[in-house]
Amino acid sequence: MAAPEQLVLAASSADAGVAAWDLRTGGVANRFHPCASRPRAVFSVADRFLAAAQVATGGGNSGLVHFYHWGKPQVAVKSFPAEPIHALIADPEGSYLIGGGSNGNIFLWEVASGQLLHTWHGHYRAVRCFALYDYWLVSGSEDGSIRVWDLITMLDEQSRLNAKTLYLYNFSQHALPVTDVACFLGGIAVSSSEDRTCKIWSLPQGRMLRSISFPVSIDSVALDSRGHIFYAGGRDGKIYVAAMGVDGSSHGSDDILGALDDHSKAVTSLASSTDGLLLVSGSEDGNVRVWDTRSQQVIRKVKHSQGPVTNVLIVTPKNVNLPPLQPLRKVCAENVEPQSVILPRSESDVLIPGYKTCAYAERVLDALQMHGDSSILFGAGGSNQKGTDWRSRYLELQDLFAGEVLDQMPSSRSN
Amino acid sequence: MGRPKGGAASSSSSSKKQKPKPKQRGGVDFKKYKHKVGRKLPPPKNATNTEIKSKAIVLPEQSMASERAGMAVNKRGLTLRELLQQTTHYNANVRRAALNGIKEIVLKHPTELKLHKVAIIEKLQERICDTDKLVRESLYNILQSLIFPSLKEVHWSELENAISTRSTLFLLMANILNGMTHLSLDIQLMAFRFLELVVLNFPSSFPSYAEKAFNNFVAVLSNDRIQLHDRSKLNSVLSGLGHCLSLVAQATKSDDTSNQQVHNLSTRERWKFTTDDDNSGGTLSHIYPAGAFAMSSLLAKLQNLVQILINSIEVSASEICAKSAIDAQSSEALLSALHCLDLICRIFIHEAKKPQLNFSISQTQFGPDWLRTSLLVHLKSLWGVKRLFHEKGDDKIFIFNLKIAEIFLCLSPWIDSTILPAEEFCQFVSSLLAKEKTLRNRDLMEMYLSPLITCMPGLIFNAPDDSKGYLLEAFTDAFRGCKVDCKLIMPFLDGVGEMLLPEKTGIWFSENDSGMFDYHDAWIHELPGILLQSIDKAPSVTKVVLELLLRVGQYLPTVDCGNLHPLIKLFGVKSSSGTMELGPFVNLTRECQELAISCLYYFPSLLPDIIGPLAACCLSDALEPFMLLKIVEVLQSIYKAGNLQITEQLSFLSLLMARFKVHPGNFLTPEDSSEVSNMDTFKSLNRLILTSLSEMGDGSLVLELIWNNLSHAIAQKPPMHNMNGLFRIIVTLDAETSKLMSEDVIKLIAGYLLDASLDLSKTIEFGFQPDKARLFQYFIKPCTIMFDKNDKVLCSTLEMLKSFVTGDDSLFSFLSNLNYPRELSCRVCVVTTILIFLCNERKLHRNLSFSKSVIKGILEYIRRQLDSNVIDVTYVEKQKLKSAFEQLKTKALQLNCWATVELEGLLSAT
């Protein structure tokens, strides 16, 4: 079997479907119809299938979410959540799908059964974007606030009751709607907003590390996989390259290192490849461009449609035998035993040399497995004690990671 | 040599006694007559002169030490060393004089103090327990005004210095503590004043003596002897106690935040840290570990103090009530006692709130139960005091009541109905708030009211349901009545923010409390008014109000925007005459402007009314370019979010494009021009408007919508740059539009081209001018795109130009410049310039060839003018015509569309 092909997906807010191109050759791979999605509303669920929340069309209060299989261009499953969904995300294993509604509600579905496990009022206005940092959900909203949720708490009724507030942190430093948010190792999150700033947060510490001002509103962010820089797609069609600079040594005008300038209209969506060499950008002018991040040149340009491109994704489709997809339910079911399906992903278990924390993580996980099978981690009604224990270990691990990232910053910058 | 008369010169002067002269007595029995008879007889010549004269006896100094030339001496010639010796003199007057002398020397020679400060303090501190009152007073003065300040000034870079200071302070404190237990009451009281002085100046030294000091406080305050005969003297003791307690309170407070940092420092560093801290001056910002205080024993001491303080409060309260007029001293004593009690409560609460560690024995000792037994039981009597005051309406009494309320408020989480009924308390607080308006002494009132207001949200939240109503009512009334420039406005705004936005504090009001929402609306209704007033009177409030408004917008999507209608005045008002008067928005700081603009995003229903004034703000020169662009961007975001009508946004954008005042600046001498060019701003605005428009959807549809605005704006003949911008809008949206075909528009285009080329054509014979040519290129650009897409427009425009050349006057009315040249050569030059530039555009060649007959007509006309010998054409003009003709001919030939026959006549003619 050949190396798995990587696809670039692009979706538009006009009804132009989802187009897929091969990342290397640029050949058209497939086109899924119909689809019209807002920014951040298309997500590939563990690379197994594609979920796309649709722009609400006219009447009816309920939303619409389409599922597509890689092989077929038609909609595989349609489901109708209680309100229009503005943002979608799934966990890396593809067990849960999380949607943010137009009234600020957040929905958490189990993918395998389509059950609505929990829904809660997360924001005062529409949810605009999500990011996941393991079991922490970061949500950005039109009301300018960013909230961090612990999914384990959210799934467990008992710990929900115990918690003072549902969210772990509430950041309200953005003055205008948050447009995008991305997470990096060590719990560092970057958020962009229409107030012309990007802000960098430390999730474990629960505070803002720094704020970078741009000359225009920023509609999208993508992190370089090496973590020193991030890309911010501006309203003026430029993709700004900005230094993360979490070490705090640099402040002021040298934050913005440069700009990739080829789009004529606002850059609405960015995706960075896992090796960090390629950056895919989608713009309001209907074009998708693939950039070489080292030479900062466009290496491929494809026209998606007349309408604006709202989402670009890089996916590696995997055709696995799925249990038949279930439509997402509208209301929470009573007394349902949630069951998560975790497919084996042996290829993702790569040991990264030099990362001591990886070994540590494995040790911790081994220790956990001694106590019982892993389902306790995800079980909604599972023992609370173990959950909190696991969480405290987890936080410890996160601190380690954060420390490591912070330590690396200055040295890598000086290189 | 014997002792000279009058003793040593040195001491005689100091102890000079002013003895009253013996009065002349007598003269009662008989009158004494003065007889003045003749002259006095001269002394006989042989008289013996019995007068003895002697010179002053000068004793030569015999030691080197007393050689005073060049030494620091006071006016009596004494050195510091001698003065210090004299401070232990048995005579009180000598001691006092010595202290005065020291003061004098230190003032005259500051270096003396720097060098000998340790010696000075060591000697002086013995005087703390001096029996003479005046000596103590002057010692207090010296320490206060000279020695302590200089001691703090010194830079403690070296550790030795710090050590010496600490050891000095140690001695000083020993003496003070000694004085506190002195038998003499005066000395005892004075010692407390000294303690206060030390605590104020060297807060870090206090913890080690805290226990003893509080012991003494307890002793002196419970001393019946003083209680009875000299209550007013206790004032100073109480104020000293206040200072000490506030130190403890601060330490406990900073304990949480700084504990970790401080523990990370090594002991030595921490030591330096604290001494450095003293240097930095202010008594408020001291960070040292509360561990320095031995908390558990300290708390026991404080517990004793509570009882004593409450007793004394009761006594003085009843005294005050008994008297008809309130004297300053007793009220001050009462106030400082209340203050001390307040501080103790805070310390206790902090201690009780502390997360209890499992292994700590203190869990049982200082928990909430302990708080109840130690503090709350006593407070019942305080409540009685409040009842005592209740009948009186004086300002001072009001302050006492406020202070009592403050104490109860900070304790309120622990107070249950057994101690005092919650309802009664709520009534008390609301009556206090209601009274606030009637008070005279505003400054004082503001100081004491602000903690009360800060506690209001918590109180309202915890209050029983039926008393919530009048608490909210009282709060809202007081908030409404609060002036913008009053200090209370900040706590009020904080309180409102807390109750409106539960995010901040985590106090969630129950959703179904419908009465609460009425008050929400009432508060929000007040905000715009406060904002508008604060801009002139209290700029610091402006930002707070704007932030609050932004949060309200973000978190309460359902809020009724009708309440916020006055917000429009921030941007401008339409006066009765129809002109727009700019609001204060343009003069705000950038930060506030950004907040105000962000608010707009969240109050879209205000936009239809605001957009007019906002456009006026955007067009004023006072607004920063940065802000202008931001406003356009935010409006576009609002439009994208679906909260702004497309027509509104379109008219806003076209208005900006048509009216924005461009100062092109002077190209040749940019340094001289007084007006700074804002071309760059206009260009980025241009770009922003064009991208915004193109993002709105299908170009021809958008053009359909915007056309009315555009044609209206174009017909008004705005300046060149704006005209250019408007044409660019057309080109960006839909260059092929058929709307351009109407005759009026064609005339406008022709007029625009003529205007643009006029400047350039005047100088065309002087050679090529890159600046102007580039500008012309810039102006002509949208037209060339139009011509490229639409050959009919080109054709009719050329026709129009031809009729201009041939002198058809009907076109002149469409030209914007009034003094347009009428002489032939100029007209020809202008048109030729335009044609040449058009011909230079390669992509236009095809369309130009469609209208070759027009070009030919122009050429022919020029030649005819050249040929005919009209008298009024001067030689110079003829030259101009000729060169224009040649240039145009060359360009026309390049179009490659002529049959050889067609141009033959023209070519041969020259």
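The model is predicted, so local features require pLDDT of at least 70 and side-chain atom pairs count only at pLDDT 80 or more, while totals for chains, interfaces and linings use all residues. Residues are numbered from 1 along each chain as its sequence is written, chains are lettered from A in the order in which they are written, and side-chain values use heavy atoms, without hydrogens and water.

**Chain B**

Begin by selecting chain B, whose secondary structure comprises 37 helices and two strands. Helices (H or I, at least four residues) and strands (E, at least two) are DSSP runs, numbered from the N terminus. Of the 910 residues in this chain, 50% are buried (under 20% relative accessible area, with a 1.4 Å probe and protein chains only). Among contacts (heavy atoms within 4.5 Å) in chain B with a separation of 6 or more, 73% join residues 24 or more positions apart.

**The nonpolar core**

Next, select B:Ile147, B:Phe214, B:Phe571, B:Phe585, B:Phe652, B:Leu693 and B:Ile729, the residues with the most contacts inside the largest nonpolar core, which has 260 residues. Such a core is a set of buried Ala, Val, Leu, Ile, Met, Phe, Trp, Tyr and Cys residues joined through side-chain atoms within 4.5 Å. Helix H13 of chain B (residues 328-353) supplies the largest share of this core, 12 residues. A separate core of 20 residues includes A:Ile89, A:Val127, A:Leu132 and A:Leu155.

Now centre on B:Ile147: beyond its neighbours within four places in sequence, its contacts are B:Leu113, B:Ile120, B:Ile121, B:Leu124 and B:Ile142.

**Helices H24 and H25 of chain B**

Select residues 607-619 (H24) and 625-640 (H25) of chain B, which pack at an angle of about 160° with axes 11 Å apart. H24(B) is therefore roughly antiparallel to H25(B) (an angle over 145 degrees), with axes fitted to C-alpha atoms over the stretch in contact and angles running from 0 to 180 degrees between N-to-C directions. Show B:Leu607, B:Ile611, B:Leu614 and B:Cys618 of H24(B), which meet B:Leu628, B:Ile631, B:Leu635 and B:Ile638 of H25(B).

**Helices H20 and H22 of chain B**

Finally, select residues 489-500 (H20) and 539-555 (H22) of chain B, whose axes come within 11 Å and cross at roughly 10°. H20(B) and H22(B) are thus roughly parallel (under 35 degrees). Residues to display at this contact include B:Leu493 and B:Gly497 from H20(B), and B:Val544 and B:Leu548 from H22(B).

How values were computed
Parallel < 35°, antiparallel > 145°, perpendicular 65-115°, else oblique.
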